[in-house]
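Subject: Structure handover

Hello,

Here is the structure I said I would pass on. My notes on what was found in it come after it.

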Amino acid sequence: MKKKVKKKNVIDIIEGYYLAHFIRYLQKEKIFDAGGQVIKKYEKDETILHILSFLHQRTDIITLHTQKGYCLARKYASYPQLGFYIDKFIGAYGNFNFNNADKILHIDGQEFAAAYEQVQPFCNYTFMLHLLGQLKATHILDLGCGMAGLITSFCKNLPGRQATGIDSNPYNCKKVKNNLLKLNLQKNIKIICGNAADFKKLLPENTRKSVNVVYAANLVNEFFGKGNNAAVEFLRQLKDTFSGKRMVITDYYSTYGTGAAADPALQHNYLHDIMQIFSGQGLTPKDYKGWNTLYKKSGCRLLTVFEGESTGIKWFIHVLQL
């Protein structure tokens, strides 16, 4: 039987708040070197030492060595294992607006872009590139492209390939366009700053005709704020525009309200559900059957399902025929 998450008391909650912000402070001040050791100029800083001592006593993030002193625990030394989560959940999602019942959490676009820019070098697109190869992709439309890592990898070594990315975050778009100039890929990849839901208005007719695979990673989960209708309508519009073509959806299954929500192994999943609710994005279906109901309502056909669990998230890849 799986262990359940220990319930927090009021002091636990307050302590967690301070611990998270202390970690973010150390990160922003660049206290640690690439190996996770405290930079020399901070080794005798009393304020820093008090924070490190507190974190060492109350978390598994800081270790104490006889010779090295305080260090980041080895498993947290790389950015994706600690920095990304702190920048995403505390930096980008940590802005509360208690006067708006629908969207208590306000997502900071600049912080969000900065977090994903830093984690980008650690991303591995091998499986997805293989899948796109099997689908004979020649021109990908990446909806909610973020830092455009996938389509950059897709076009990088094969000049004949084309891609179009749409993203609503102006900070993402600016960073991606600058990166494409450096890589000399501005002719292969077009970036459009706008809401992915408005793709019909944003895409020129020749682009709509040229696209043969539509891709959406961590985007469709944003359409559930007021039930399933918006997600169904979005998919229906994609089917109408790209009828007969393939779409790849990468997203996650909600655990909110299920027994799995109390599973420590899925703590990240449950936390993401909470972020979804209070940022107004709503909860996704809990399994592929729930998602498939949406696909059927929109007139799409589910062809292939890949599922897995990593970093505490129940993720999936669905291949559809639009």
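Please keep in mind that this is a predicted model.

Leaving aside neighbours within four places in sequence, Asn169 is in contact with Gly109, Phe112, Ala113 and Cys193. Asn169 sits in the loop that runs between β6 (162-167) and α7 (170-183). With a relative accessible area of 9%, Asn169 is buried, because buried means under 20%. The Asn169 side chain also reaches the backbone oxygen of Gly109, at 2.9 Å.

The structure holds 19 aromatic pairs. In one of them, Phe112 and Tyr116 form a tilted pair, with 4.7 Å centre to centre and 40 degrees between the planes. Both belong to helix α4 (residues 109-119), and they are 4 residues apart there, so about one helical turn separates them. Tyr116 has a relative accessibility of 26% and therefore counts as partly exposed. Ring pairs also link Phe112 and Tyr116 into a cluster with Tyr79, Phe84, Tyr85, Phe89 and Tyr93.

Next, the nonpolar cores. The largest has 31 residues, and the members that touch the most others in it are Leu143, Val214, Leu238, Phe242, Met247 and Tyr295. Two or more residues of this core come from each of β5 (139-143), β8 (213-217), α10 (229-241), β9 (246-252), α12 (288-298) and β11 (313-321). The most come from α10, which gives 5 residues. Tyr295, again leaving aside neighbours within four places in sequence, is in contact with Leu235, Ile249, Cys300, Leu302, Phe316, His318 and Leu320. There is also a second, separate core of 27 residues, with Met147, Leu150, Ala163 and Val319 among them.

Last, the protein as a whole. It has 12 helices and 11 strands. Its radius of gyration is 21 Å, close to the 20 Å that the globule rule gives for 322 residues, so the protein is as compact as a globular protein of that length. Along the principal axes, the C-alpha atoms fill a box of roughly 65 × 45 × 40 Å. Of the 322 residues, 43% count as buried. The accessible surface comes to about 17800 Å², and carbon and sulfur atoms account for 52% of that surface. Among contacts between residues at least 6 apart in sequence, 65% join residues at least 24 apart.

Regards

Terms used:
Residues are numbered from 1 along each chain as its sequence is written. This is a predicted model: local features need pLDDT of at least 70, side-chain atom pairs count only at pLDDT 80 or more; totals for chains, interfaces and linings use all residues. Side-chain values use heavy atoms; hydrogens and water are left out. Buried means under 20% relative accessible area, exposed over 50%, partly exposed in between (1.4 Å probe, protein chains only). A polar contact is a pair of N or O atoms within 3.5 Å; within protein, one must be able to donate a hydrogen and the other to accept it, and residues adjacent in sequence count only if both atoms are side-chain atoms. Contact means heavy atoms within 4.5 Å. A nonpolar core is a set of buried Ala, Val, Leu, Ile, Met, Phe, Trp, Tyr and Cys residues joined through side-chain atoms within 4.5 Å. The radius of gyration is taken over C-alpha atoms; the globule rule is 2.2 Å times the number of residues to the power 0.38. Accessible areas come from the Shrake-Rupley method with a 1.4 Å probe; for residues, only the protein chains shown count as cover. Rings of Phe, Tyr and Trp (its six-membered ring) pair if their centres lie within 6.5 Å; planes under 30 degrees apart count as stacked, over 60 as edge-to-face and the rest as tilted.
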